[in-house]
Each structure stands twice: as structure tokens, then as C-alpha cells.
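Work through the exercises below with the sequence and the structure at hand. Try each task before you read its solution.

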Amino acid sequence: MNSLPRSFLRWSRFLLLIGLSVGLAACGNNPGNTYDPYGDNARRIYELLIPIWWMALGVFVVVEGLLIYAIWRFRRRPGSATIPAQVHGNTQVEILWTIAPAIIVLVIAVLTFRTQAANAVMPEDALRIKAIGHQWWFEFQYPDTGADGKPIVTASDMYIPVGRPVTVVLESQDVIHNFWVPKLAGKTYMIPGKTNFLSFTAEQPGIYRAVCAEFCGEAHALMRFRVIAVDEAEFNRWIEQKKTPPPAPAGTLVVNGLTGDAARGQAIFLDARKQCVACHAVEGTNARGQIGPNLTYYGSRQTIAAGILPYTPENLDRWLREAPKLKPGNLMSRVLTPQWIKQNLSDQEIADLVAYLDSMKVSVTLPPER
Amino acid sequence: MAIAERTAGTVSPPSVSVRPGWAGWLSTTDHKRIGIMYLVSAFVFFLIGGIEALLMRIQLGTPNNTFLTPDVYNQMFTMHGTTMIFLGLMPLNVGLGNYMVPLMIGARDMAFPRLNALSIWLFIFGGLMLYVSFFVGGAPNVGWFAYAPLTQKQFAPTAGVDYWIVGIGLTGVASIAGALNFIVTILNMRAPGMTLNRMPLFVWMQLIVAFILIFAFPVLTVATIQLLFDRHFGTRFFLPNLGGDAVLWQHLFWFFGHPEVYILILPTMGIISEVLPTFSRKPIFGYAFVAYSGVAIGFLGFLVWAHHMFAVGLGPLANAFFGAASFLIAVPTGVKIFNWLATMWQGSLHLTTSMLYAIGFIGMFIIGGISGITLASPPINVQQTDSYYVVAHMHYVLFGGAIQGIFAGIFYWFPKMTGRMLDERLGKWQFWLMLISFNLTFFPMHLSGNAGMPRRIYTYEAEMGWNLWNLISTIGSLLLAVAFLIFLWNVLTSIRRGPIAPADPWDGATLEWAVSSPPPVYNFAVTPRVRSRRPLWDEKYPHLHEVNGSHEAPVVRRGPLHDGFERETPEAMEPIHLPSPTYAPLIVSVGIMILGFGIIYLGDFGLIAASAMLVGLLIMAAGILSWVRISHVDSPHHAH
């Protein structure tokens with residue numbers, strides 16, 4: 001055994017330490033970074049992590065250091081036939097190093113329970129939002145805010161007020177999903193047959209990335225959403241607009257060289273033979289489908305198909321044509337196959353549909369992406 | 001390297017009929033051959049599981065990659081997890097245990113040699129059934145944890161989940177039978193003088209694992225049978241909209257699943273506890289602490305299952321309890337690590353490949369243990385669970401820990417099992433390449449996970465900040481594959497051309513080194529007598545215990561096979577009684593497998609499936625009849 005591998009060992013441990021520091025330093029503005037909290041729930045978790053991280057680093061350095069020192073110090077010299085002292089143990093020392101880790105985990109446990117208690121609080125005055133998981137999109141209902149006792153229903157964009165506690169009531173329509181907004185709060189499962197609750201307060205306005213974090217089937221990776229935290233006044237303005245159904249569609253929109261007409265698009269949308277209304281709803285119309293996302297004010301969505309494409313009329317046109325390719329397994333393209341679309345929707349009709357969906361907009365000042 | 005002066009096995013072999021060639025393997029009841037069959041078949045499955053991992057790493061190397069379709073990717077991670085746990089790590093440990101435990105306790109075979117043969121065949125057929133699913137509509141694609149209700153027929157219509165249920169079921173029966181066999185063997189067949197507190201620590205850990213297994217595995221078996229009934233026969237155990245409970249599955253699964261982690265890691269801790277003393281030329285430091293901390297880990301392992309479920313919403317009180325219980329596991333684990341360090345302390349460390357892997361185990365397991373602390377803390381857990389951080393943590397424990405431990409064991413015992421030495425140079429190349437590429441693969445996953453990357457996603461967006469970490473992981477995984485190819489090459493060449501292994505190549509202290517390499521079929525011509533924890537060192541270094549300080553002058557060493565171990569006069573030997581070779585366990589296993597195929601299709605193709613089940617039952621009955629006959633022939637009243 002020469003000295004090369006030993007230096008390799010030291011080198012690789014050193015590399016690990018560097019890696020750890022880089023990891024903490026790399027708290028850049030990645031959209032999902034848990035080290036970059038903007039919500040009270042996530043912040044408390046981060047603040048719990050920091051002391052534990054330092055304790056862990058201490059343990060790591062001491063124990064790995066002892067290991068490397070032992071290898072270097074007690075390696076067998078070539079030709080040595082020495083038999084070292086046959087020490088079988090030392091009860092006192094062993095009791096000592098049974099107690100040492102126990103004390104460390106006791107400290108960590110106390111810190112943990114404090115944070116846990118703080119994060120389990122559900123304030124009375126919190127805004128309640130119901131979030132329902134579907135394969136593979138998120139539905140959001142605002143039960144206390146809609147007109148005539150009906151909740152405001154939307155999907156993929158969850159608007160919340162900044163500075164006011166929010167309690168998300170989590171449910172699932174089919175399989176288990178997992179509600180995760182890394183910069184605002186820890187994960188909570190959405191379980192069919194069970195209701196879960198998650199409370200947090202967004203501390204700053206922002207558009208926050210969020211995902212389903214529990215494997216939920218074929219397109220699990222493509223099940224995302226955005227949390228849009230705006231000032232309370234802006235949030236109330238959003239609510240007021242969402243309470244009223246969209247006005248009668250008017251105007252045109254040029255998509256891929258074709259001029260779509262919004263009014264014509266609405267007629268196509270409401271035509272039962274075109275199948276849209278079987279699954280989708282738009283407030284103030286006869287479209288009351290419950291299976292797919294509610295499309296009221298679709299023109300103000302941030303993304304298409306649960307966070308997989310930025311919302312633009314061009315991408316919406318693409319989604320209507322290439323849904324199976326863009327999101328394998330999705331229910332709409334299993335029913336309305338590309339062949340069906342080819343036979344039942346002309347390019348002009350698709351342009352009209354896009355124009356209609358794009359015409360329904362709310363006015364809201366968007367916060368920065370976080 | 002110490003060389004034994006004499007090799008054992010100079011006595012003339014007693015009359016044992018071993019069928020030549022393939023027939024010998026198919027009909028064997030010898031624990032050593034069964035151990036090798038476990039090791040070889042588990043290693044093949046392990047390589048397949050590794051290929052599945054490589055395919056996933058290639059897919060994730062760059063954002064928005066289209067190398068695998070989502071469904072194929074989902075099949076890959078399901079099969080990777082299932083394969084590595086049930087068909088790779090577990091049977092590798094069982095294989096080493098099967099070969100070594102009887103030798104280490106001075107026994108001639110396992111307590112139930114035919115049951116042992118049944119275990120290996122059920123394991124192999126269970127694994128094959130799982131892989132048949134690829135060719136009949138698609139492998140299971142619901143994750144190795146198979147959370148309800150995604151496993152129900154409406155969400156998972158292919159037969160993949162059914163093959164998963166039956167395949168896991170067969171390996172489960174094999175494991176439970178194997179565990180009973182280990183318990184009876186270890187408790188009843190130790191050589192005279194080998195009290196429980198003189199057993200080698202590897203045997204201790206195998207004993208603990210066997211107990212964990214018989215408490216944990218039946219829970220999984222019951223849960224999967226309930227799932228089978230949900231899918232085909234109209235029950236609703238896990239169907240929430242029909243009165244069942246999706247969370248019930250998670251409780252059942254993790255009540256098995258967490259102890260399973262200790263089923264995987266404890267035997268390798270046992271290996272480390274044999275390898276470190278041998279190559280430090282010292283006894284294990286604090287034998288009792290190491291042994292009983294294993295018992296503590298095994299016990300606590302049953303009280304922590306819900307730390308896999310902190311995000312499920314069980315409530316703060318339940319989460320606090322399971323968090324606290326999980327923290328407690330740090331205590332016996334820390335004790336083991338400190339005792340291993342103390343074993344090396346002031347030793348004379350012989351850095352063989354086996355020793356390097358044992359040290360590598362400690363080094364990487366420390367990282368896996370530390371990263372587990374944050375996962376045990378419920379508030380931090382809900383940020384890290386289901387993210388790549390968990391993937392990193394779990395691989396530091398099961399790869400950096402268990403796999404390196406198994407390599408320590410393989411490099412340690414390969415000479416004993418084959419009679420040939422593995423190439424140490426290649427072994428060290430493999431070790432360093434593996435250590436570096438392992439860290440390249442899995443360390444960045446801590447970072448991508450904490451940067452918000454969820455597990456089990458087949459693709460991700462370029463702007464998430466995960467690109468670099470994933471690229472490094474993918475490069476690391478390709479290098480890891482090279483390390484495994486080096487090992488494969490080392491085994492294939494050494495088994496034919498490696499230097500002949502002496503009986504005691506490492507100057508070992510336990511009984512397996514008292515017999516020739518490979519051992520005779522009957523292991524010990526005469527049952528050895530044991531007077532301490534290091535019976536072989538008692539023989540080799542009779543004056544050692546009188547000296548307390550370091551022995552500067554070489555200690556006089558006697559031949560290892562002195563009086564108590566082997567008497568060299570065949571006349572003095574008692575007749576050796578070994579079980580006859582038999583095909584009965586193989587036939588029974590084939591019958592059970594056909595029965596399994598019938599069960600999978602019973603709901604869809606009733607008549608054909610029922611006929612297949614009948615055929616399976618008939619074959620099983622024939623096997624059992626032949627089993628009864630041969631056990632009658634072998635019974636002590638009948639033989640000799």
C-alpha cells in the first residue's frame with residue numbers, strides 16, 4: 001500500500017467539504033430553492049436548519065477527521081509483523097460516546113419541536129383556499145369570496161394576499177398528490193378521502209413556483225402550478241373581478257397567421273358536438289363541465305396545462321393540437337385524440353377558440369418572479 | 001499477508017453424493033452452494049437494476065430530455081427500487097450469510113437444508129416473474145412503495161402491479177423461510193463453547209435481521225394480498241371513495257419498509273465488524289456495545305415508520321413522537337461508528353481492498369447518517385421529503401453504506417468461497433473509482449433536492465437551477481458503471497487464474513478460516529470447540545492474552561488447525577451425516593410460480609388461469625411428496 005490512495009482519500013474528503021460550502025453558498029435565485037424562503041413557514045424551517053447544519057458539520061469534521069487520522073497514524077508499515085495491544089473495550093469511554101450523540105439529538109429535538117409547534121398553528125383569521133389535486137393539475141376554490149355563495153374556481157394559478165395568513169384546505173380527486181411551494185412552505189399531501197390543512201403567510205409579493213411532489217402517475221413531472229402573492233388591495237381587486245362572469249366576448253386575435261374571432265370562438269366552445277363543455281366550465285355561460293379545469297378568465301393564466309408552457313396564444317394553439325406530445329397521458333388528449341381534433345376542428349376554428357379563451361382577462365399587476 | 005502454514009481438509013471426505021454439473025446445482029442442499037447461487041443471481045439482478053439507474057441518469061442528464069418516455073421512466077424507477085432492495089441487496093446479504101454463518105458457528109449446514117433450497121428457488125423465480133412483466137404489457141410503474149390508490153386497476157391497468165405483487169410475494173416467502181432457518185441454525189447449531197456472547201458479530205447481525213424479517217415481512221405480504229384483492233376480487237381496503245383508506249397502505253407498507261432498511265444495512269455492519277478487527281489485528285472494541293446496539297437499532301426500527309409520512313398529515317403529536325423515535329436511532333448508530341473507530345485506533349491497519357471498503361463504509365455512512373438527522377425532524381422533513389435530498393441520503397446509506405459493506409465482505413470471503421484470491425490491484429482501482437464516482441453521482445443530489453427538485457420526475461425545466469447538479473450526477477453514474485465492470489472483470493479472471501487461496505489468507509480469528517478454501521462439503525470433519533470470541537487466534541497465538549502492551553517482537557504463531565479444530569486421523573472421525581441432494585424444493589417452487597401466474601390472470605381469464613393454478617398445485621403436491629420421501633430417507637433413524 002503506497003501513499004497515493006491515502007492522499008486521494010484526504011483529497012476526496014476535502015472536495016466534499018468544498019461541496020458542502022458551495023451548496024450553501026449557491027443559494028442563488030433558483031425558483032425552487034428552499035434556502036431562499038419568502039414565507040413564514042419556509043423561513044422557520046430554514047432557521048431551524050441552520051443550527052442543525054452547523055452541528056452536523058461539526059460532527060462530520062470530527063468523526064471523518066478521526067477516521068482519516070486513524071488511517072494515517074495506524075497504517076501498517078511494510079514488513080511489520082507487530083501485534084498491537086489487544087484492547088477489548090473501555091466501558092467508561094463507551095458510555096461517554098453513547099451519551100454524546102444522545103445530547104446532540106436532544107438539543108436538535110428541542111429546536112425541532114419549537115419549530116413544529118410554530119408551523120402547526122392555523123390562525124383563526126386566515127384566508128381559506130381549497131386546493132384539489134387532479135391527475136395532473138391543481139384546482140383552487142375560494143369558498144368565502146364568490147358571488148351568491150358560490151366559490152370562485154380557478155386552476156394552476158393560486159392568488160394569495162401578502163402578509164395575511166392563508167390556510168390551504170388540501171383534497172384530492174383521484175390519487176395522492178403533494179402540494180409544495182418550496183419558497184413559502186413545506187409539503188403536505190393531498191389524499192383522496194382525507195382533508196389536510198397547511199397554513200403559511202407570504203412575506204413578499206412574488207410569483208412562486210410550485211409542484212406536485214408525490215408521484216401520481218404518468219405525467220407527474222408535468223404537474224406544476226404558480227402561487228401569485230399580491231398586496232391585499234390588489235388581491236381584493238382580483239377577487240372582485242373574478243366574482244363577475246366575463247363580459248360577452250368581442251374582438252379578434254391573430255394566431256399563426258389566422259385571425260380568430262372571440263365571439264365565434266365562444267359559439268364553438270359552447271357547441272356540445274365540439275366536446276369542450278363536457279369537461280370545462282366558464283362562469284356566466286352554459287359551460288358547466290366539472291372534470292377539467294375551470295376556464296373562466298383563462299386569458300390571465302400564467303401557464304398552460306398546469307405549468308408546463310408559458311401562457312401565450314401561440315402556445316395555446318400548440319396545446320390544442322399537440323396535447324398528447326406535450327403532456328403524455330393527459331385526459332383531454334386521451335378523449336379528443338389528434339385525429340379527432342383534425343376531423344372536428346378546422347384551423348380557423350382553433351384560432352377562434354384561442355381568441356375566445358384569450359379574450360377573458362382580469363386586470364392585475366403581477367409581482368416579480370421569485 | 002499472513003499465510004496459513006497448513007490447509008485443512010486433509011481428511012478423506014465422507015460419503016457424500018454430489019451430482020456433477022448443472023444437476024448438482026439444481027438439486028443441492030449445501031448451504032455453500034446455495035449461498036453462491038444467492039450471490040450470483042443477486043448480482044445479476046443488481047447489474048440489471050444498475051442499468052435501469054443508468055437509463056434514468058441519462059434521461060435526467062439534461063433538461064427537457066426525451067431519451068425515455070415518461071411511462072418507461074416510471075417503469076425504470078419502480079423496477080430499480082424494487083430490484084435493488086428485494087433482488088439485489090437483500091439476497092446479497094442472504095448469500096453471504098448462507099455461506100458464512102454455518103462456517104462461522106462451526107456447523108455443517110443450515111438447520112433446514114431443503115427449506116434453504118426452497119428459499120433460493122422461490123427467490124429466483126420471484127425475481128424472474130417480476131421481470132416477465134416487461135414482456136406482457138409493461139413493468140410495474142407505480143413506484144416501489146406502490147402508494148394506493150394509484151395502484152388500483154383504474155389508474156394502473158396493466159398487469160405490471162400484479163406481477164409486482166406476486167413476484168414480491170414469492171421472494172417474501174423465501175425471505176421468511178430463510179429467516180426462520182437462520183434463527184434455528186444460529187440458536188441451535190453453534191459449536192460447543194460458542195455462547196451467544198462469543199458469536200462473531202456478523203452472525204449476531206444476521207440473527208437480529210432474521211428476527212426483524214419475520215416481524216416485518218408478513219405485514220408487506222398481507223398488504224400486497226389485500227391490494228391484489230382490491231384489484232381483482234372486489235374488496236376495497238385502499239379505495240377511499242368506497243370506504244377504504246389510502247393512508248392505511250402507507251402505514252402497512254412503511255411498518256415493513258423502515259425495518260427493511262435495517263434488514264439491508266445491519267448484515268453489512270456485521271461484515272464491517274469482522275473485517276475491521278482482522279485488518280487492524282485487534283479485537284472489536286466494545287463487543288457488547290456493538291452487538292446490543294444492533295439489537296437496539298432492530299427494535300427502534302419498528303417505532304419510526306411514520307417518519308416516511310410526515311407530510312401525510314397525521315398531526316403534530318404523531319409526527320413529534322415518530323420524529324423523537326427517529327432521533328433516538330442516532331444513538332446506537334453513533335455508538336457503532338465510535339466503536340469501529342476505536343477498533344482501528346492503535347491497531348496495525350492492513351489496507352487491503354476489503355479494509356478500504358470497510359473504511360469507505362464508515363466514511364460514507366457517516367454522511368448518510370448526518371443527512372438523516374434533518375429528515376427525522378418533521379418540520380425540515382416536509383421540505384426535504386420527496387425531493388432529491390432523500391435520494392442522496394438513501395444512497396449514502398444503502399450504496400455508500402450497504403454496497404461498500406458487501407464489497408468489503410466479498411473481497412474478504414471470496415478466497416474462502418472460491419479457493420482463489422481476487423486481484424488486489426484491480427480491487428483498489430475499483431474502490432477509488434467507486435468512491436469518487438459515488439460521491440459525484442449522489443452528493444449533488446443533496447443540492448438539487450434542496451433547490452426544489454422533486455423525486456420521480458422524468459424531466460425538468462432548464463431554468464430551475466438543477467442542470468449542473470444533474471449533469472454531474474449523470475457523469476458520476478457512468479463512471480460508477482466502469483467501477484462495476486472492473487469488479488466483474490476481476491471476478492471473471494481471478495476465479496480462473498487468481499492465486500490459490502490458503503485456508504487463512506488474512507490471519508482471521510473466526511472459525512471459517514480454520515477450514516480449507518473452499519471448505520469441504522461437510523465443513524468441519526470434527527466439530528470445533530470454542531473458548532473465546534476469537535477461537536482461531538486462541539489456537540494461533542496461545543500466549544497473546546498474557547501480554548497487555550503492544551507486541552514489538554513477533555508473537556510466535558502456531559498452526560491454525562491445532563488439536564481442537566481438526567483431528568487428522570480419519571479413523572477417529574464419527575460418521576458425517578449430510579442431507580441428500582434433492583429436486584423437491586425446485587419442483588415445489590416451480591409449482592408455486594405457476595400458481596402465481598394463475599393468480600395474476602384469475603380476475604381476467606378465469607378458466608385458463610384456474611387451470612394453470614390447478615397444474616401449479618399438482619406440481620407442488622408432487623414436489624411435497626418427493627420432499628417427504630427424501631426427508632424420510634435422510635432421517636437419523638433411517639440413515640447409516
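**Exercise 1.** Into which domains is chain A divided?

*Solution.* Start with the bounds, which come from an automatic or database domain assignment. Domain 1 of chain A covers 4–23 + 30–75 + 91–120, domain 2 covers 127–243 and domain 3 covers 252–359. The model is predicted: local features need pLDDT of at least 70, side-chain atom pairs count only at pLDDT 80 or more, and totals for chains, interfaces and linings use all residues. Residues are numbered from 1 along each chain as its sequence is written, while chains are lettered from A and ligands numbered from 1 in the order in which they are written.

**Exercise 2.** Find the strand order of the open sheet of five strands in chain A.

*Solution.* Strands are DSSP runs (E, at least two residues), and helices are runs of H or I with at least four, numbered from the N terminus. Two strands pair if DSSP finds at least two bridges between them. The order in chain A is E3-E2-E1-E5-E8, with mixed pairing. Strands E3 (152–155) and E8 (196–200) of chain A are the edges; each pairs on one side only.

Now zoom in. E1 (residues 127–134) and E2 (residues 137–142) of chain A run antiparallel, joined by five bridges. Lys130(A) faces Gln141(A) in E2(A).

**Exercise 3.** Which element gives the largest share of the side of chain A that touches chain B?

*Solution.* Count both sides: 80 residues come from chain A and 89 residues from chain B. Then look at the elements: H2(A) gives the largest share of chain A's side, 15 residues.

Technical notes. Two residues are in contact if their C-beta atoms, placed from the backbone, lie within 7 Å.
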